[in-house]
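Q: Could you walk me through reading ring contacts and burial in a structure like this one?

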Amino acid sequence: MGSASIGYQSGISARFNRNLNLRSDATLSSLPCKVDFSRKSFFSATTSTHNKECSNRARVCSLPNTDEKLETPILDSIKTPSQLKNLTVKELKHLADEIRTELLSVLWKTRKSVKPSLAAIELTLALHYVFRAPVDKILWDAVEQTYAHKVLTRRWSSIPSRQNNGVSGVTSRLESEYDSFGTGHGCNSISAGLGLAVARDIKGKRDRVVAVIDSVTITAGQAYEAMSNAGYLDSNMIVILNDNRHSLHPNMADGSKASISALSSFMSKIQSSQIFRKFRELAKAMTKKIGKGMYEWAAKVDEYARGMVGPTGSTLFEELGLYYIGPVDGHNIEDLVCLLREVASLDSMGPVLVHVITEEKRDAETANIVVKDRRTYSDCFVEALVKEAETDRDIVVVHAGIEMDPSLVTFQERFPDRFFNVGMAEQHAVTFSAGLSSGGLKPFCIIPSAFLQRAYDQVVHDVDRQRKAVRFVITSAGLVGSDGPVQCGAFDITFMSCLPNMIAMAPANEDELVNMVATAAYITDRPVCFRFPRGAIVNKNYLVPTGLPIEIGRGRVLLEGQEVALLGYGAMVQNCINAHSLLSKLGLNVTVADARFCKPLDIKLVRDLCQNHKFLITVEEGCVGGFGSHVAQFIALDGQLDGKIKWRPIVLPDGYIEEASPNEQLALAGLTGHHIAATALSLLGRTREALLLLS
């Protein structure tokens with residue numbers, strides 16, 4: 001290993017040597033972590049060497065032929081993460097390449113970006129090499145970075161299909177002892193890790209706690225609340241900031257970024273060493289004895305000095321009470337192991353944050369291939385919103401969530417000054433939108449259903465209670481296939497429609513979606529929300545027309561029939577139509593109606609359906625307490641249940657539906673056209689036909 005790479009050595013031990021020459025066939029456990037203090041080595045490492053190393057390691061330049069069996073001899077020999085400690089440096093590097101090839105060959109089939117997982121491979125190897133999982137607790141914040149972890153913990157074979165009853169796409173304590181805490185929507189790892197650390201201290205244990213968070217999820221407020229509390233409690237824990245070259249602020253991706261230089265690498269070695277930490281603590285104790293003024297002066301000198309050599313914003317972590325180390329090359333396994341070993345050896349030193357730089361761009365561009373078979377509801381929504389914005393200059397867009405739907409780029413490019421992407425800051429997005437509304441604008445606040453849950457207090461107090469005209473666009477509503485329960489939008493119908501001033505609606509198809517965009521733009525005296533699913537639109541050749549506002553609280557009858565009325569809400573109207581087709585083949589003609597609005601409910605439509613049918617079935621892709629509950633409340637108070645009508649609700653089951661294909665999830669939930677038709681047959685006493693329909 002030449003002097004050019006010494007500048008990237010991020011570990012340090014009590015023994016400081018002039019030169020560092022590592023044998024590629026030596027195991028890392030036998031390697032001392034040393035620093036060359038010579039002037040030559042200090043300035044010889046350059047970022048060009050780092051870029052060259054990254055380029056050399058990016059061997060996977062295209063999608064492999066998945067019909068061929070990939071050779072992964074080292075990976076095949078690893079049965080538990082503890083076996084990594086027996087590998088040589090060269091073998092660890094080969095293992096990283098094997099995992100990278102394996103991930104790329106399989107995950108591209110899911111049509112998701114695999115770059116975050118590819119970029120975190122060396123970091124994952126280093127973590128499992130240094131720490132003793134599952135005794136030591138390793139928590140992951142982002143689902144996309146956990147696949148190498150799952151490979152090493154022998155759960156890989158079930159991941160590619162991600163079907164029901166298989167291995168979860170997220171970390172789960174129920175699935176493996178190596179998963180210390182379940183991943184959610186991000187930003188929970190530090191909070192949960194601090195809880196584990198405090199519990200460890202109270203129980204008198206000595207295990208290590210490591211929380212890995214990335215540069216996207218760390219933008220969420222909970223992460224800073226957790227770091228502030230960690231600094232106050234001063235419990236031993238390690239926070240790994242995996243800076244995967246996304247800016248710490250989502251709208252500053254083209255701004256300055258932390259880089260790995262000779263100086264930063266050198267300072268990382270110094271900062272992580274026991275000698276420096278003990279000297280720093282001794283100096284703090286001595287200045288305290290001299291007097292408060294000297295102590296405060298020394299603290300400022302320490303902060304300024306560390307801020308000068310660290311990247312922009314690094315002192316923020318110090319202010320929160322975390323000892324900052326970095327930035328560190330996240331693709332140099334030797335550096336990572338040496339540094340993490342030193343950090344793991346520090347006792348009673350409080351929380352530490354290690355800033356690791358990883359490069360997603362170092363891997364193949366083909367790793368990010370996403371194939372679109374058909375146009376989605378999001379595509380139609382954006383096209384309709386662009387049309388509205390072209391004639392109404394007051395329309396603005398606020399987006400929040402872990403990632404932005406690619407279709408929104410159209411609006412962003414067309415109206416850059418009227419588009420605001422705030423990242424994982426849903427609470428801010430809602431109140432920011434309320435402020436925009438107060439200023440005379442027409443904000444469309446776009447948040448996926450599962451992420452809107454974070455901001456419910458702001459929805460209640462900053463929007464609905466004040467009757468602010470914020471237009472909530474709830475994306476990824478209902479079941480979301482391979483993203484399972486983590487991003488499932490099951491609860492928004494219930495928690496939005498219960499608000500006194502909220503208008504809640506949902507389109508049955510793309511035509512209704514376009515009209516609801518126009519309706520939302522038209523409403524200026526109260527908040528409104530509408531939801532749509534993640535999937536493809538009904539008509540693949542659909543051309544978006546100019547939307548026409550819908551009369552508030554007015555549903556419609558689509559198909560006239562007798563005895564049974566199917567009243568669908570949102571995307572489930574299409575499944576009601578499918579059920580009608582199945583039943584018509586059995587000689588049963590039922591009515592299908594599109595509610596459009598959950599609130600205000602079209603009471604005239606509901607009353608007519610009750611008075612002209614024996615059975616009313618409400619169908620929604622949401623949890624109990626939603627649309628069906630509003631219908632039940634009305635027909636009970638209106639006396640309809642005292643007459644001949646019998647009502648049956650079809651909602652999502654009271655449980656979390658794991659990863660599966662969209663059709664499989666709908667079947668598990670009992671929301672397919674077959675299940676709706678079977679419900680109608682059962683009500684009519686035709687049980688045998690109902691069972692045959694579901695067989």
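A: We can begin with the aromatic pairs, of which a search of the whole structure finds nine, where rings of Phe, Tyr and Trp (its six-membered ring) pair if their centres lie within 6.5 Å, and planes under 30 degrees apart count as stacked, over 60 as edge-to-face and the rest as tilted. Phe411 and Phe419 form a tilted pair, 6.4 Å centre to centre with 45° between the planes. This is a predicted model, in which local features need pLDDT of at least 70 and side-chain atom pairs count only at pLDDT 80 or more, while totals for chains, interfaces and linings use all residues. Residues are numbered from 1 along each chain as its sequence is written, and side-chain values use heavy atoms, with hydrogens and water left out.

Q: Are Phe411 and Phe419 buried or exposed?

A: Buried means under 20% relative accessible area, exposed over 50%, and partly exposed in between (1.4 Å probe, protein chains only). Phe411 is buried at 1% relative accessibility, and Phe419 is buried at 7%.

Q: Why does the pair of Tyr569 and Phe627 count as stacked?

A: The ring centres of Tyr569 and Phe627 are 5.1 Å apart and their planes lie at 10°, so the pair is stacked. Tyr569 is buried at 4% relative accessibility, and Phe627 is buried at 0%.

Q: Which residues do ring pairs link into a cluster?

A: The cluster linked by ring pairs consists of Tyr377, Phe381, Phe530 and Phe532.
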